[in-house]
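Please look over the model shown here before reading the report that follows it.

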Amino acid sequence: MKFTAEQIAGILDGVVEGNPQAEVSKLSKIEEGVKGALTFLANPKYTPYIYTTKATIAIVDKDFVPEQSVNCTLIRVEDAYKSFSKLLEYYNQVKLNKFGIEQPSSISQSAKIGKDIYVGAFTVIGDNVTIGDNVKIFANSYIGDNVVIGDNTVLYSGAKIYSDCNIGKHCVINSGAIIGADGFGFAPNENGEYSKVPQIGNVIIEDFVDIGAATTIDCATLGSTIIRQGVKLDNQIQIAHNVEIGKNTVIAAQTGIAGSTKIGENCQIGGQVGIVGHITIGNNVKIQAQSGIGRNVKDNEVLQGSPALSYADYNKSYVYFKNLPRLVKTINELEKKGNGNN
């Protein structure tokens, strides 16, 4: 897919300086630019590369003044970084601009399918499913019975949505994500064996939620596991049954959240965080990577460590942690001197 400088400037409301018919078919960092690539200059520390890059077109701020000759065609815009981001979004839309139903695929006759959808090959769509307009479902995906998927949602290849789950509008569910699998519910008997507790709830995902590759969200035992509007989940996250995550919370990779925990709005949770079940985490909480959370957390707390302390207390304590070998040596020497004086 090729674009000319003139076409790109039209999308970005920019001005071409150089060859308006210069063509690009790929994107690159400015320091790694090659012929046929489009790049951008936003951070001043990368300015030297604008004179050496092999990229064909570069997006720059309108007030950029070159100090020597530039070999590539420039597109001047109000804000190079924002314009490049806008172009990435446009490029992604073009790349995803697929329509129709590929074969082989299996779609139940009772399913209700919206307008302008795309269904990739080897996809299965179950009974009584409702799919909105402009939904993209890539190959090898599975949509269970009674699932609802809102307008403009994208499911990448291999995504699995179990029966009775509700997915909102403008969501992105990446490859290998599993929504609605059974929660981890087992009850021991008198012989020490474990019997499965049926998990008959569902998962509700509200609008504008992004779910990373291989992330798993379990269905509720009863009721719903709920992911509120605007939540962003990284890859390989485990969310257990009956968890609720508040609006606009972001969670990094490999975090695990045990059953029935409630997380508030606008929280930021780092990678590899472990959170026990049946607790409540307030709004605007920040949890540093690899922390272990085993208690209720109030609004606006910042935590680190395992078990987690307040961020300030953790940093103060760490000063002592790293000095422990020296302190122990000092104590041992003092004890030896004390024993020698007796």
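The report below describes a predicted model, beginning with a sheet and then turning to single residues and a surface patch.

**The sheet**

Nine strands make up an open sheet with parallel pairing, and their order is β10-β13-β16-β19-β24-β27-β30-β33-β36. At the edges stand β10 (112-113) and β36 (280-281), and because each has a single partner strand, one side of each is left without a neighbour in the sheet. As a general point, the strands of a sheet pair through backbone hydrogen bonds, which may be arranged in either a parallel or an antiparallel way.

Several pairings can be followed residue by residue. Strand β13 (residues 130-131) is joined to strand β16 (residues 148-149) by two bridges, and here Thr-130 stands opposite Val-148. Further along the order, two bridges link strand β19 (residues 166-167) with strand β24 (residues 202-205), while four bridges link β24 with strand β27 (residues 224-227). Ile-205 in β24 is opposite Ile-167, and Ile-205 is also opposite Ile-227 in β27.

| Residue | Relative accessible area | Class |
|---|---|---|
| Thr-215 | 0% | buried |
| Lys-262 | 34% | partly exposed |
| Phe-321 | 43% | partly exposed |

Thr-215 lies in the loop between β25 (210-211) and β26 (216-218). Why is Thr-215 classed as buried? Its relative accessible area is 0%, and because buried means under 20%, that value falls in the buried class. Setting aside residues up to four places away in sequence, Thr-215 touches Gly-176, Ala-177, Ile-178, Leu-233, Asp-234, Asn-235, Gln-236 and Ile-237.

Leaving out residues up to four places away in sequence, Lys-262 touches Asn-242, Glu-244, Ile-279, Thr-280 and Ile-281. Between the C-alpha atoms of Lys-262 and Asn-323, which are 61 residues apart along the chain, the separation is 38 Å.

**The surface patch**

Phe-321 is found in helix α3 (residues 311-340). Which residues make a nonpolar surface patch of about 590 Å²? The patch is made by Phe-321 together with Tyr-318, Val-319, Tyr-320, Leu-324 and Leu-327.

Conventions: Residues numbered from 1 in each chain as written. Predicted model: local features only at pLDDT ≥ 70, side-chain atom pairs only at ≥ 80, totals over all residues. Heavy atoms only, no water. Patch = residues over 30% accessible without salt bridge, like charges linked within 9 Å, V, L, I, M, F, W, Y side chains within 5 Å. Areas by Shrake-Rupley, 256 points an atom, 1.4 Å probe, with all protein chains shown as cover. Salt bridge = Lys/Arg side-chain N within 4 Å of Asp/Glu carboxyl O. Buried < 20%, exposed > 50% of the residue type's maximum accessible area, 1.4 Å probe, protein only. Contact = heavy atoms within 4.5 Å. Pairing = 2+ DSSP bridges.
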